[in-house]
Amino acid sequence: MSDTTEPGTKRVDPRVLRTRALLRSAALELAAERELTGITIADVAERATVNRATVYQHYSDRDALLLDATEDELTGLVALLARCPLVDGPRRTPSAFVDVFRHIESHVVLYRRMLGPCGSARFLNRLQHLVAKQVAHQLTAHPAGPRDGSGVALRAHCAAGAFIGVLRHWLTAPDLVPPETMATGAWHALSSAD
């Protein structure tokens with residue numbers, strides 16, 4: 001009997017998958033309750049009802065665990081951004097862009113923790129990478145987009161950085177502006193920067 005599902009790939013033991021799911025869930029629960037600086041591997045282990053050594057068998061440190069725990073959230077956010085015309089978009093705010101801010105508002109505690117002053121540099125870098133990748137895809141797919149790839153990465157990272165800057169400004173304000181208002185203001189600011 002083979003231990004592989006496809007040539008060259010090993011099947012992951014279901015117990016490993018269950019343990020990682022427990023650890024990710026515990027990390028997200030703790031992130032909803034307290035600042036990241038107040039979360040330790042011991043806290044995650046206790047919440048997941050495993051020992052600390054088990055956590056280290058799966059993750060090198062707390063930040064690696066938090067990044068893995070938030071990967072589905074980041075993927076969902078970028079999927080929403082993919083519906084937005086980020087390159088040469090309309091003057092009016094697209095409803096898909098409003099949906100992005102509504103989605104973030106529905107997970108506001110997590111985003112505030114991850115992108116706030118005591119947040120996760122790994123989360124920020126991963127978000128920057130995923131948003132830039134989406135912008136680059138739209139740039140190269142656009143009929144008037146660059147044909148030789150020159151400047152695509154630079155433009156994509158500039159746009160991603162601007163989006164994340166607007167997002168952090170919104171999330172760290174004392175009073176959260178409604179997502180519809182923020183999306184309209186952000187769309188105007190970001191499209192004026194082109």
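Reader: What should I know before reading the values?

Author: This is a predicted model, in which local features need pLDDT of at least 70 and side-chain atom pairs count only at pLDDT 80 or more, while totals for chains, interfaces and linings use all residues. Residues are numbered from 1 along each chain as its sequence is written, and side-chain values use heavy atoms, with hydrogens and water left out.

Reader: What is the mean pLDDT of the protein?

Author: The mean is 89, and 91% of the residues reach 70 or more. pLDDT is the predictor's confidence in each residue, from 0 to 100.

Reader: Where is confidence lowest, and where is it highest?

Author: Confidence is lowest in strand 1 (residues 4-6), with a mean of 50, and highest in helix 2 (residues 41-48), at 97. Where pLDDT is low, the predicted coordinates should not be read in detail.

Reader: How many helices and strands are there?

Author: The protein has nine helices and two strands, and from the N terminus the order is β-β-α-α-α-α-α-α-α-α-α. Helices (H or I, at least four residues) and strands (E, at least two) are DSSP runs, numbered from the N terminus.

Reader: And the overall dimensions?

Author: The C-alpha trace spans about 55 × 50 × 25 Å along its principal axes. As one example of a separation within it, Thr9 and Glu180 are 45 Å apart in space, C-alpha to C-alpha, and 171 residues apart in sequence. Thr9 belongs to strand 2 (residues 9-10) and is partly exposed, with a relative accessible area of 36%.

Reader: How much of the protein is buried?

Author: Buried residues make up 37% of the 194 residues. Buried means under 20% relative accessible area, exposed over 50%, and partly exposed in between, with a 1.4 Å probe and protein chains only.

Reader: Which residues have the most contacts inside the largest nonpolar core?

Author: They are Val100, Phe101, Phe163 and Leu167, in a core of 56 residues. Helices 1 (14-33), 2, 4 (62-82), 5 (95-106), 6 (108-115), 7 (121-141), 8 (152-172) and 9 (179-192) each supply at least two residues of this core. A nonpolar core is a set of buried Ala, Val, Leu, Ile, Met, Phe, Trp, Tyr and Cys residues joined through side-chain atoms within 4.5 Å.

Reader: What does Leu167 touch?

Author: Setting aside residues up to four places away in sequence, Leu167 touches Phe101, Ile104, Leu115 and Leu127. Contact here means heavy atoms within 4.5 Å.

Reader: Leu115 is in helix 6, then. How many residues of that helix are buried?

Author: Six of the eight residues of helix 6 are buried, namely Val108, Leu110, Tyr111, Arg113, Met114 and Leu115. Their cover includes helix 1, helix 4, helix 5, helix 7 and helix 8.

Reader: What follows helix 6?

Author: Ser120 lies in the loop between helix 6 and helix 7. Ser120 is buried, at 5% relative accessible area, and beyond its neighbours within four places it contacts Leu36, Arg113 and Met114.

Reader: On to aromatics. How many pairs?

Author: The count comes to six aromatic pairs. Rings of Phe, Tyr and Trp (its six-membered ring) pair if their centres lie within 6.5 Å; planes under 30 degrees apart count as stacked, over 60 as edge-to-face and the rest as tilted. One of them, Phe101 with Trp170, is edge-to-face, at 5.2 Å centre to centre and 65° between the planes. Phe101 lies in helix 5 and Trp170 in helix 8, so this pair ties together parts 69 residues apart in sequence. Both Phe101 and Trp170 are buried.

Reader: Which residues form the ring cluster?

Author: Ring pairs link Phe97, Phe101, Phe163, Trp170 and Trp187 into a cluster.

Reader: Finally, how many disulfides does the structure hold?

Author: The structure holds zero disulfides, a disulfide being a pair of cysteine sulfur atoms within 2.5 Å. For Cys158, the closest cysteine sulfur is in Cys84, 19 Å away, which is too far for a bond.
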